[in-house]
Amino acid sequence: MVGFVLFLVLRAHFVPRTFGQYGHYRGAAVGELSSKPVKFAGHQLCEGCHDDVLKVKSAGPHAHVNCEACHGPQAKHADDPGEFKPQLPDTAVLCARCHEANIAKPKGFPQVVSAEHSSGVACKTCHIPHNPKQMPGEKHS
Amino acid sequence: MITRRHFIYLLPAAAVAWDFVLAGTPEAAPNYTQTDHWWGMLIDISKCIGCGNCVRACSTENDVPEGYFRTWVERYHVDDWHMESPKVDSPKGGKEGFPPSSYTGGKNFFVPKMCNHCADSPCTQVCPVGATFETRDGVVLVDDTYCLGCRYCIQACPYGCRFLHPKKHTAEKCSLCYHRITKGLTTACCENCPTGARQLVDLKNPKDPAIEFLKTHSVQVLKPHLATGAKVLYNGLDGSVR
Amino acid sequence: MPVDGFMYPNEVELQWSVLIVVYPFLTGLVAGAFILASLERIFHVEAVKPTYRLALLTALSFLLVAPMPLQLHLGRPERSFEMYLTPHRTSAMAMFGFVYLWYLMAVLVLEIWLDYRREIVLLSQSTTGLRRMIYKVMTLGSSNISDEALRVDDRVGYAITMIGIPSAFLLHGYVGFIFGSIKANPWWSTPLMPVVFLFSAMVSGIALVLLLYMASMRMRKRPIDMRCVDKIAQYLLYTFIIDFTLELLDLIHRIYEADESFRSLNFLMHSKLYVSQILIQILLGTLVPIFVIGFMQFVKVPEAVRRFLYAVSGCLTLVGIFAMRWNVVIGGQLFSKSFLGYTTYKVDLISREGELIAAGLMILPFIILAILVKLLPPWGEEVRAAGLAASAQAGD
């Protein structure tokens, strides 16, 4: 009997306050988990300032490729553009991730065998990343 | 597309929301009512190019430890109709993309995998203390200040999406970027998917663009015979996918 | 990477280590030893009476050690009390915490106390120093050992044993259910799992008491009661036959139905689990003891040979049941839930979940048993002598 009462007292002390609020879990956890810091800003925020790029991108095949898919997480930059400057990605490495030919990629997706297509020349040399179909530069053989 | 006029209205709201977003205070997000939403994800196999952007983005956004995966991509090779013995690989979960395939024929495709945020989740059923749970908006989360690290949930998940965090020694898995979706953003993986193969869907919102897609296409879930109520819906999922 | 074929990336590392093999092995011994003790009490199987108290003390020693592998294996052991504060009613693991507590306090400890009460009181009067203090505490304030009181003790003890048998079944059946209820894992998910676990537990417990009895008598240079060990071996045989039948049923069912997991599991049994399952568990650990003891039921064998064969069978049985736990726990994690690959279990020697700790945890109950045997002698003659000495002292 005494043990049981003691147990109830200890239990009241140790069980977290918000436990059981919404279900069999600590209610405060929901708030904690939803307030973690964000690392990717989201394309809407980028487009808020960089609408010139948006115009170029929307006219080509990369219209629905979001900014951070290539430029990486930019929440810090969006918060303080002066303090945090994003590094320009290296097209010699970046583009191959999507466009290097692979038998498992969907047939209609533009893919090349980079060794045959450009023999190691950086993609930026001939293609504008934001709109790869626009004004291709001089082609190297 | 956002024009300059829209922008003038949006900017103050964005600024306010942004302050909150970066503040990280432990309160529930403002203007977000859990019961208004029922989250799921739509994955279109016909669009996945196996670039691994989603895996990298998730890893960055959620500080996922090296060698463990909250989401990953698998590459399948199926010889014609041999559905029961596909050849599958997932080098580093697809985090660095995929090397050229050694196969020249048959059916080949990529399958992104993640937590299915099951409506009848077997992992929350077995948690002995209530450290993992289903929120009222349909997201399965882990309370890492309460988890004992018994790993029962990891054993109970049929999809292999859980792991034990090597530093925190608690269970961890995809949280559907709960800290993003409660603020009107999309998940890190969807944000960074270049082809739109991954799309967050609010199954309670009739205006969600993915709802129309779901109404007009045949979609499947993984391991339907286990009746987990999985909410990651695949378009074009081949019968050989495990 | 130690992977054959394909595994989901998070599956490659095993989650439940050798400690989770040790744990059901220990609780199984508890259930088995207790049920053997209950045979005498409830079913009046006079022949096994010499082992009654020894079986109870054995059960207690192993039950005290049983939670240790669980604690050591938790990622956050300091939070384990949460299972008692906010147990999740749908979780077998949470409910087990209460089953364990119930069995320890309301069944085992109480039954031992009631059975030993007379001796505890006498010893609290006849010993000195630290031992006297320990016995005084154990009397829990009551020093009434009149015939009337002892009769009450006996009736209450009987009732507790009656509750104790289903409680012991629940204790180990629950462990089986913890595995058997996981639909994600076809090696574990079967309604037979709790029953198989229970019967293999009984087998291991009976074998352990048999070995401990023979070893203790040897150590004390006393004769082994052959009627007793013959009876115990018989019960071991019967239980073994039931256990083996159940396991065989599971196997045949799997082979016959051949569902999607079958090819993967079948390959597993013939490759990674060949030695531990087919050779050690089935052949050496089950078929040999069954055959040997079964043979002795029909052919008269001289006593010394019988003793030797019982000892060998007992040891093989214990090894076989440990192998069974290994095959279930570790085996269930060696194959991918995609049924397309396998991984390897890397056991560390020196780590919180390593082999040294596992070995230590299996030796610790014997040390505790040695202390308990010293404190609460299970041997009739010594106790009577102590009792006589005490009454003589009290008489003066």
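**Note on the predicted model: chains A, B and C**

1. Strands β2(B) and β3(B) run antiparallel and are joined by three bridges. Strands are DSSP runs of E with at least two residues, helices are runs of H or I with at least four, and both are numbered from the N terminus. Two strands pair if DSSP finds at least two bridges between them. Within this pair, B:Y76 stands opposite B:V88 of β3(B).

2. On conventions: the model is predicted, local features need pLDDT of at least 70, side-chain atom pairs count only at pLDDT 80 or more, and totals for chains, interfaces and linings use all residues. Residues are numbered from 1 along each chain as its sequence is written, while chains are lettered from A and ligands numbered from 1 in the order in which they are written.

3. Next, β2(B) and β4(B). Strand β2 of chain B covers residues 71-78 and runs antiparallel to β4(B), with eight bridges between them. B:W72 has B:K113 as its bridge partner in β4(B).

4. The sheet is open and has three strands, in the order β3-β2-β4 of chain B, with antiparallel pairing. β3 (87-89) and β4 of chain B are the edge strands, each pairing on one side only. On average, neighbouring strands are turned by 25° against each other, direction ignored. Axes here are lines fitted to C-alpha atoms, for helices over the stretch in contact, and angles run from 0 to 180 degrees between N-to-C directions.

5. Helix α2(B) lies across β2 and β4 of chain B, at about 160° to β2(B).

6. Turn to the contact between chains B and A. It takes 51 residues from chain B and 39 from chain A. Contact means C-beta atoms, placed from the backbone, within 7 Å. On the chain B side, α1 (4-23), α2 (53-61), β4, α5 (178-181) and α6 (188-192) each supply at least two residues. α1(B) gives the most, with six residues. By class, this side has 26 nonpolar, 17 polar and eight charged residues. Ala, Val, Leu, Ile, Met, Phe, Trp, Tyr, Cys and Pro count as nonpolar, Asp, Glu, Lys and Arg as charged, and the others, Gly among them, as polar.

7. Chain B also touches chain C: 35 residues of chain B are in contact with 29 of chain C. In chain C, α4 (82-85) and α5 (92-126) each supply at least two residues of that side. The side of chain C that touches chain B has 13 nonpolar, ten polar and six charged residues.

8. Within chain C, α2 (residues 52-65) packs on α14 (residues 355-375) at about 135°, with axes 8 Å apart. The two helices are therefore oblique to each other (under 35 degrees is roughly parallel, over 145 roughly antiparallel, 65 to 115 roughly perpendicular, the rest oblique). The contact of α2(C) with α14(C) has twelve nonpolar, two polar and no charged residues.

9. A second pair is α8 (residues 192-219) and α12 (residues 303-329) of chain C. These helices pack at about 140°, with axes 9 Å apart. That makes α8(C) oblique to α12(C). Their contact includes C:A207 and C:L211 of α8(C), and C:G314 and C:L318 of α12(C). It divides into twelve nonpolar, four polar and one charged residue.

Technical notes
Contact = placed C-beta atoms within 7 Å.
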